[in-house]
Number of protein chains: 2
Amino acid sequence: MYVTALQLEEGTRKIYTHLMESDLPQSIRPLDTATMEAVGASSCPLSTGPVDPRVERLVNELIGRVADKWTMLILEVLEEHGELRFTRIGKLVEGISQKMLTQTLRQMERDGLLIRTVHPVIPPRVEYRLTDLGNSLSAAFCGVWMWAAANLDRIEAAREVFDTGRR
Amino acid sequence: MYVTALQLEEGTRKIYTHLMESDLPQSIRPLDTATMEAVGASSCPLSTGPVDPRVERLVNELIGRVADKWTMLILEVLEEHGELRFTRIGKLVEGISQKMLTQTLRQMERDGLLIRTVHPVIPPRVEYRLTDLGNSLSAAFCGVWMWAAANLDRIEAAREVFDTGRR
DNA sequence: CGGTATCCAAGTCGATACTG
DNA sequence: CAGTATCGACTTGGATACCG
């Protein structure tokens, strides 16, 4: 059995993942069913059978988008730096073309992940900052990020075994 | 401040997410720094400042490879049903073409997410089942599913506002 | 049954040029 | 400064036909 506890604080975020329950101090234990209901927590859709097709569609859409590296990287720099201007984001997100920067920022704005503020001055000044929704998405993906970082070696090893067996 | 506790059990999985700390019972609190070190927990790379660009590149590649819609859907049906044959997966994952099924299964096998077992009989019988790595990935994505389910309405509302303002 | 191989349509993305 | 417009290379994925 595994227990994961995720702590979010203003500005920082920590995740404790894939620890054996026996490795944890007594003070950290899974919620029992009654507590779970009391605080309005819900089960993971992945393991409770059929999922609302709307949710499934959205998740797939979302994954398709965040899987694209630009959204993730923009989310990351905005989460780290707070409010940023167009060109600054372009410099911080290395390798992004102007087209993709514009396109990705628009999509993220449309989805309510960030706020775009246009200051009516010359030269134009446009600032971007994450909404609460954007910050919470970044938090939700934390687990995936951790998984990827933690299992990088295992995956590369698996690939090597696979490729060797093929040759 | 938000606290999330994730519990994983054999066969089922539950996630408690985005609860205000004040809504939680006293028994559930974030780990303190000492405990964190003691159990070898690590911080989320997203919030600990600059990440090694090589690691970042690899992680992005991993997420991009692992997070396309077919991988997620196959992961889901295998997690729910256990061991499955090729054609059965094709039926359970609605809309997938044979090409993409083959391609995705191969990639997942290469990455060590699933085991492919060929039974040398006629007609051929090939079975697929998730590895521990595959199961843990499905667990890691739990938070994203929860986020999408919880924020579906907010995103659709944001889109409507955005699109209306554009017209 | 469980695949490969091939073709083709649609989409993605970078580069470049231009604008208020 | 912060975009828009356009073009062309490249990638993706479905459909179809065939194979051990």
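I began with burial in chain A: of its 167 residues, 49% count as buried. I note that the model is a predicted one.

**Elements of chain A**

I listed seven helices and five strands in chain A. Along the sequence I wrote the pattern down as β-β-α-α-α-β-α-α-β-β-α-α.

**Sheet in chain A**

Next I took the open sheet of three strands in chain A, where the order is S3-S5-S4 and the pairing is antiparallel. Why is one side of S3 and of S4 in chain A left without a neighbour in the sheet? I found that S3 (84-85) and S4 (114-119) stand at the edges and have a single partner strand each, so one side of each has no neighbour there. I then checked how S3(A) is joined to S5 (residues 125-130) of chain A: the two strands run antiparallel and two bridges link them. Within S5(A), I identified Glu127(A) as the bridge partner of Arg85(A). Helix H5 (residues 98-110) of chain A packs on this sheet and touches S4 and S5 of chain A. I noted an angle of about 115° between the direction of this helix and that of S4(A).

As background, I recall that strands of a sheet pair through backbone hydrogen bonds, in parallel or antiparallel fashion.

**Glu127(A)**

I stayed with Glu127(A), which is found in strand S5 of chain A. Is Glu127(A) buried or exposed? Its relative accessible area is 12%, so Glu127(A) is buried, the cut-off being under 20%. I looked for polar partners and found a contact of 3.3 Å between the side chains of Glu127(A) and Arg125(A). Leaving aside neighbours within four places in sequence, I listed contacts of Glu127(A) with Glu83(A), Leu84(A) and Arg85(A), and also with Ile115(A), Arg116(A), Thr117(A) and His119(A).

**Thr71(A)**

I then moved to helix H3 (residues 69-81) of chain A, where Thr71(A) has its place. I read a relative accessibility of 1% for Thr71(A), so this residue counts as buried. The side chain of Thr71(A) makes a polar contact of 2.9 Å with the side chain of Asp68(A). Not counting residues up to four places away in sequence, I found that Thr71(A) touches Arg65(A), Val66(A), Thr104(A) and Met108(A).

**Strands of chain B**

In chain B I looked up strand S3 (residues 84-85) and strand S5 (residues 125-130), which run antiparallel and are joined by two bridges. I noted that Leu84(B) stands opposite Tyr128(B) in S5(B). How many bridges join strand S4 (residues 114-119) of chain B to S5(B)? I recorded six, with the strands running antiparallel. The bridge partner of His119(B) in S5(B) is Arg125(B). I wrote S4(B) and S5(B) down as a hairpin with five residues between them.

The loop between S4 and S5 of chain B holds Ile122(B).

**DNA strand D**

Finally I looked at the surroundings of DNA strand D and found 18 residues there; the closest are Thr87(A), Gln98(A), Arg116(A), Tyr128(A) and Lys99(B). Among the atoms of DNA strand D within 4 Å of the protein, I assigned 56% to sugar or phosphate and the rest to bases.

I then went through single atom pairs. A backbone N or O atom of Val126(A) is 3.4 Å from a phosphate oxygen of DNA strand D. From chain B, a polar side-chain atom of Ser97(B) lies 3.1 Å from a phosphate oxygen of DNA strand D. Which kind of DNA atom does the side chain of Lys99(B) approach with an N or O atom? I found a base oxygen of DNA strand D at 2.5 Å. The elements giving two or more residues to the surface near DNA strand D are helix H4 (86-92), H5 and S5 of chain A, together with helix H5 (98-110) of chain B.

Methods. Residues numbered from 1 in each chain as written. Chains lettered and ligands numbered in written order. Predicted model: local features only at pLDDT ≥ 70, side-chain atom pairs only at ≥ 80, totals over all residues. Heavy atoms only, no water. Pairing = 2+ DSSP bridges. Helix = DSSP H or I, 4+ residues; strand = E, 2+ residues; numbered from the N terminus. Contact = heavy atoms within 4.5 Å. Axes fitted to C-alpha atoms, helices over the stretch in contact; angles between N-to-C directions. Buried < 20%, exposed > 50% of the residue type's maximum accessible area, 1.4 Å probe, protein only. Polar contact = N/O pair within 3.5 Å; in protein donor to acceptor, adjacent residues only side chain to side chain. Near = heavy atom within 4 Å.
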